[in-house]
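Me: Could we go through this model together? I would like to ask about strands, rings and charged pairs.

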Amino acid sequence: MLATAAALASLPAAFVGPTARPAVRASWGGLARGLARAARGGEEQDGGPLEVGQKVKGVVKGIRSFGAFLDVGAEEDALLHISQIADARVDDIYDYLEEGQEVDVWVKSVRIDGKVDLTRIEENAKPREPVNLSPFIADDATTWHSGVVKRVLPFGAVVEVTLSGGGATGEGLVHVSQIKDEFVANVADEVEVGKEVRVRVLSVDEAAGRISLSMREPAVQRVPVDLTPFETVAPETWLEGKVESITPFGAFVAVAPPGSPEPARGLVHVTQISGGFVESIEDVVSVGDDVKV
C-alpha cells in the first residue's frame, strides 16, 4: 500500500483522480483539428480570411444526411451541402466522400456570422455580376415565357428564362412544388439539363437577386358554389365525379349533386380511396379519371 501511494504521488496531477477527465476533454477538439491540419500538410490555410471563389483544401470531419462538414482552416468547420457535392443528383454522400478524406473545394459564401459554405462545383463559387431584375418585377404572373433548365437540384430546377416580347433573360428557381400539380418525388424524373420548358414568374426578390418561377397552370379564380344541394344527398348515394388533381394526402374530385349541372370540388382523403392501405395515390387514380364517390 505504501509503495502504491508513493507511486501515485509521483505521477503528474493530470493523471490522478478527477482532474484527468477535464484535461482529456479539453484537448480532444484541438487534437482533432490538429489531425486535420496534419492532413493538409501541417499548416492552416494561408492568405488571411476566406473569400468567395477561393479554392482551398478541406478535410472531411463529419457526414450528415444533408451534407458534410469540412475543416478548411477556419474558426469553425464549413458546410459542403449535398447539392454542392456534384453536378449530378447525390443520393448517398458516402459514394463521394468519407471521413478523413482530403478534397479540393471552393468557398461559395461567407455568412455574416462567419459560417462558410463550400462547393465542389467551381462554377457555383464564381461571384455573379448583379442582374437587372426590373423587367421581371412588372411581369404578369399569368404570362408564359420560354426557359431552359440549367441545373437540377433535389428541391427544384434552375431555369434560364427569357421574357416574352422583351427579350430580358435571367435565372430563376422552379421549386419542386411548382413543377406540376401532382406530387413530384424526384425532380430528375420530370426535367433534365437542357430541356426547354414554359414558365411563369411568380415573384422577384430584387435585393436577394432571386426569381421564383412556376411550370404549373395559374390557379383559376373559382366562383363560390352553392353546396346546399349536397345536404340532401344520402351517404349511401353514389355520385359521378372526375379527378382534377392529386396530392400526397388524397385526390380532389369535381362532383355535381343529382339534378344539378353545377359541380363542386371535394377531397377524397387517401384513407377513403380504397378499403386497403394506399401507399401511392397515383397507383390507384390519375388526373382525368372518372370515378364514383
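**Strand pairing and side-chain contacts**

Reply: Val-161 has Gly-170 in strand 8 as its bridge partner. This is a predicted model, in which local features need pLDDT of at least 70, side-chain atom pairs count only at pLDDT 80 or more, and totals for chains, interfaces and linings use all residues. Residues are numbered from 1 along each chain as its sequence is written, and side-chain values use heavy atoms, with hydrogens and water left out.

Me: In which sense do strand 7 and strand 8 pair, and over how many bridges?

Reply: Strand 7 and strand 8 (residues 169-175) pair in the antiparallel sense over 7 bridges. Strands here are DSSP runs of E with at least two residues, numbered from the N terminus, and two strands pair if DSSP finds at least two bridges between them.

Me: And how does strand 6 pair with strand 7?

Reply: Strand 6 (residues 145-153) is also antiparallel to strand 7, over 7 bridges. A hairpin through 2 residues joins strand 6 to strand 7, and Val-148 has Glu-160 in strand 7 as its bridge partner.

Me: How many residues of strand 7 are buried?

Reply: In strand 7 (residues 156-162), 5 of the 7 residues are buried, so the strand is largely enclosed by the rest of the structure. Buried means under 20% relative accessible area, exposed over 50%, and partly exposed in between, with a 1.4 Å probe and protein chains only.

Me: Changing topic: how many aromatic pairs are there?

Reply: The search of the whole structure finds 1 aromatic pair. Phe-66 and Phe-69 are edge-to-face, 6.1 Å centre to centre with 85° between the planes. Rings of Phe, Tyr and Trp (its six-membered ring) pair if their centres lie within 6.5 Å; planes under 30 degrees apart count as stacked, over 60 as edge-to-face and the rest as tilted.

Me: Which charges lie over a ring face?

Reply: Arg-200 lies over the face of Trp-144, at 5.6 Å from the ring centre, and Arg-265 over that of Phe-252, at 4.4 Å. The rule asks for NZ of Lys or CZ of Arg within 6 Å of the ring centre and within 35 degrees of the ring normal.

Me: How many salt bridges are there?

Reply: The count comes to 12 salt bridges, each a side-chain nitrogen of Lys or Arg within 4 Å of a carboxyl oxygen of Asp or Glu. Among them is Asp-104 with Lys-57, the closest N and O atoms being 2.9 Å apart.

Me: Where do Asp-104 and Lys-57 lie?

Reply: Asp-104 lies in strand 4 (residues 102-110) and Lys-57 in strand 1 (residues 55-64), so the pair ties together parts 47 residues apart in sequence.

Definitions and conventions:
Helices (H or I, at least four residues) and strands (E, at least two) are DSSP runs, numbered from the N terminus.
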